[in-house]
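Please open the model in your viewer and keep the selection panel at hand. The stops below are meant to be taken in order, each with something to select and something to look for.

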Amino acid sequence: MKNYLFGLLLLSFSSFAQKPFGKINTSLALDTLDASCGSCNFKMAKKGCFLAIKKEGVAYEVKGTGLDDHGDAHAADGFCMAVRRARVQGKVENGFFVATYFELLK
């Protein structure tokens, strides 16, 4: 019984952590891009773990939402372990991708 309750608790935290960030703006393009940890998987120069996307072959650090806002980064399917797909809106400013919407896809 304890394992069952623990599983339910873990599942509820997992689904809560992966809710989309922001709201879709119908006047902006909605892109489906690769998202991951910039240092672990995109080999960006900045030290430490941080959320990044790849747009048109270029990796950008994401501002507006973070690595741990979308689940455990070090889980088997987390950003530090895998490259994931995400639906995003935003724009590149000063070398960063400033996100106004970010939804991690399953």
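With which side chain does the side chain of Thr65 make a polar contact of 3.3 Å? Select Thr65 in this predicted model, and the partner is found to be the side chain of Asp69, at 3.3 Å. A polar contact also runs from the side chain of Thr65 to the side chain of His70, at 2.8 Å.

Stay with Thr65, which lies in the loop between E4 and E5. Thr65 counts as buried because its relative accessibility is 6%, under the 20% cut-off. If you display its surroundings and set aside neighbours within four places in sequence, the residues in contact with Thr65 are Phe21, Leu51, His70 and Phe102.

Phe102 leads on to the nonpolar core. Select the largest nonpolar core, which has 17 residues, and colour Ile53, Leu67, Phe79, Phe97 and Phe102, the members that touch the most other members. The elements giving two or more residues to this core are strand E2 (31–37), strand E3 (51–55), strand E4 (58–63), strand E5 (84–93) and strand E6 (96–104). The largest share, 4 residues, comes from E6. As background, nonpolar side chains in soluble globular proteins tend to be buried together.

Next, centre the view on Ile53. Once neighbours within four places in sequence are left aside, Ile53 is in contact with Leu33, Asp34, Ala35, Phe42, Val58, Ala59, Tyr60, Val62, Phe97 and Phe102. One of these, Tyr60 in E4, is the residue that stands opposite Ile53.

Now switch to a cartoon view and follow the strand pairing. E3 and E4 run antiparallel and are joined by 4 bridges; E2 and E3 likewise run antiparallel, with 4 bridges joining them.

The side chains of Lys55 and Asp31 are joined by a polar contact of 2.9 Å, and, not counting residues up to four places away in sequence, Lys55 touches Asp31, Leu33 and Tyr60.

Backbone torsions make the next stop. Most residues other than glycine have a negative phi.

Finish with the aromatic rings. How many aromatic pairs does the structure hold? The number is 0, yet rings do take part in arrangements with lysine, as two selections show. Select Lys46 with Phe50, where the charged end of Lys46 sits over the ring, 4.9 Å from its centre. Then select Lys63 with Phe96, where Lys63 lies over the face of Phe96 at 4.5 Å from the ring centre.

Conventions. Residues numbered from 1 in each chain as written. Predicted model: local features only at pLDDT ≥ 70, side-chain atom pairs only at ≥ 80, totals over all residues. Heavy atoms only, no water. Core = buried A, V, L, I, M, F, W, Y, C linked by side-chain atoms within 4.5 Å. Buried < 20%, exposed > 50% of the residue type's maximum accessible area, 1.4 Å probe, protein only. Contact = heavy atoms within 4.5 Å. Polar contact = N/O pair within 3.5 Å; in protein donor to acceptor, adjacent residues only side chain to side chain. Pairing = 2+ DSSP bridges. Phe/Tyr/Trp six-rings, centres within 6.5 Å; stacked < 30°, edge-to-face > 60°. Lys NZ or Arg CZ within 6 Å of the ring centre and 35° of its normal.
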